[in-house]
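The sequence and structure come first.

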Amino acid sequence: MHVSVIIISYNTKDLLKQCLDSIITHTTDIDYEILVSDNGSTDGSIEMLSQYPFPIHLIKNNENLGFGAANNRALSYATGKYIFYLNSDTILLNNAIKLFYDYWENASPELDIGALGANLLNQRQEIIHSYAQFPQIKTEIKNKLHAVYRVLKINFLSRFIPAKLSNTPSNSVHSKYIGLVDYITGADLFIKNTPFARFDERYFMYCEDVDLSYQLYKHNLNRYLIDGPQIIHLEGGSSIKEIDEVKKYKSFSNIYNSISKVIFFKKNKSPYVYIFILKCCTTLLWCMPSLFPHTKKYLKILWKI
């Protein structure tokens, strides 16, 4: 088996079917299997998969294990030489899997490839977030202090002026980039089926892809974006959304992103004093009256890290 495609499913039935259809339509001239690790979906995803015309290896987790753990459950059954981690909200536009495979198989050993990715696209086929630099703890501290200032300012002004919504692109457009990067987003991560392909399950969601790339980095294995594969990531749609900034900071995704960043910095041995300061700044933000009812239950998790 050349490639094992692993997809996490959690109540995304229609998106998942669209993703699967795109794989079947465009993937040719390569032996591949599809494994779907379902985190307890209740939207008919299981029934859809059981009737799908292409054989799907379904792993029923019966609960939401999070991103990394669910991928690892599927990885245990994967037989491919390579693993292709793919989000359920993606659509392949060409024979992307074969392009990734051929690139790695034909690459010079001197490239020391650890993982491959592509420039992801939105629905208008503009390039969106596909990679980034590794997080820096001093930058995260500054970001948290800025968030505290913003929430304080908004709360104070709202006493006199109704809070305004900010028009913010859900995912900004990027320039095309080909070459070495720090980390590749987990929405389309092509990696060899070795112990390096396993995610750290201490991350429930967010940063697990960052950490995986960082472990490759520490072992001198490089991460590249390559030209050729065309993949739409629907989460990165280019529509303009009105966002209440305070609401953003108390969202589940923002909260768990903050928790995962602390796990990342602690695991990768950032100075303890900076980790302590980051926790204090996060606590200060989460204790703002407008956030606290939503964030208080996560404070215990934060300080257990």
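In this predicted model, the side chains of Lys 267 and Asp 211 form a salt bridge, with N and O 2.6 Å apart. Lys 267 belongs to helix α8 and Asp 211 to helix α6, so the pair ties together parts that are 56 residues apart in sequence. Asp 211 is buried, at 2% relative accessible area, whereas Lys 267 is partly exposed, at 24%.

Lys 267 also forms a salt bridge with Asp 200, where the closest N and O atoms are 2.9 Å apart. Asp 200 sits in the loop between β11 (188-192) and α6 (208-218), and Lys 267 in helix α8 (residues 252-267), so this pair ties together parts that are 67 residues apart in sequence. With a relative accessibility of 13%, Asp 200 counts as buried. A network of salt bridges links Asp 200, Arg 202, Asp 211 and Lys 267.

The count for the structure comes to ten salt bridges. Three of them are tabulated here.

| Salt bridge | N to O distance |
|---|---|
| Lys 267 and Asp 211 | 2.6 Å |
| Asp 200 and Lys 267 | 2.9 Å |
| Glu 126 and Arg 124 | 3.4 Å |

In the pair of Glu 126 and Arg 124, Glu 126 is partly exposed at 24% relative accessibility, and Arg 124 is exposed at 57%.

The largest nonpolar core has 34 residues, of which Val 3, Val 5, Ile 7, Ile 23, Ile 34, Phe 84 and Phe 190 touch the most other members. Elements giving two or more residues to this core are β1 (3-9), α1 (13-26), β2 (32-38), α2 (45-50), β4 (82-86), α4 (96-106) and β6 (113-117). The most comes from α4, with five residues. Beyond its neighbours within four places in sequence, Phe 84 is in contact with residues including Val 3, Val 5, Ile 97, Phe 100, Phe 190 and Ile 231. A second, separate core of 32 residues includes Cys 207, Phe 264, Cys 281 and Leu 291.

The structure holds zero disulfides. For Cys 207, the nearest cysteine sulfur is that of Cys 281, 17 Å away. Cys 207 is buried, at 6% relative accessible area, and Cys 19 is buried at 0%.

Asn 87 lies in the loop between β4 and β5 (90-92). With 17% relative accessibility, Asn 87 counts as buried. Leaving aside neighbours within four places in sequence, Asn 87 is in contact with Ile 7, Cys 19, Phe 67, Gly 186, Ala 187 and His 233.

Definitions and conventions. Residues are numbered from 1 along each chain as its sequence is written. This is a predicted model: local features need pLDDT of at least 70, side-chain atom pairs count only at pLDDT 80 or more; totals for chains, interfaces and linings use all residues. Side-chain values use heavy atoms; hydrogens and water are left out. A nonpolar core is a set of buried Ala, Val, Leu, Ile, Met, Phe, Trp, Tyr and Cys residues joined through side-chain atoms within 4.5 Å. Buried means under 20% relative accessible area, exposed over 50%, partly exposed in between (1.4 Å probe, protein chains only). Helices (H or I, at least four residues) and strands (E, at least two) are DSSP runs, numbered from the N terminus. Contact means heavy atoms within 4.5 Å. A disulfide is a pair of cysteine sulfur atoms within 2.5 Å. A salt bridge is a side-chain nitrogen of Lys or Arg within 4 Å of a carboxyl oxygen of Asp or Glu.
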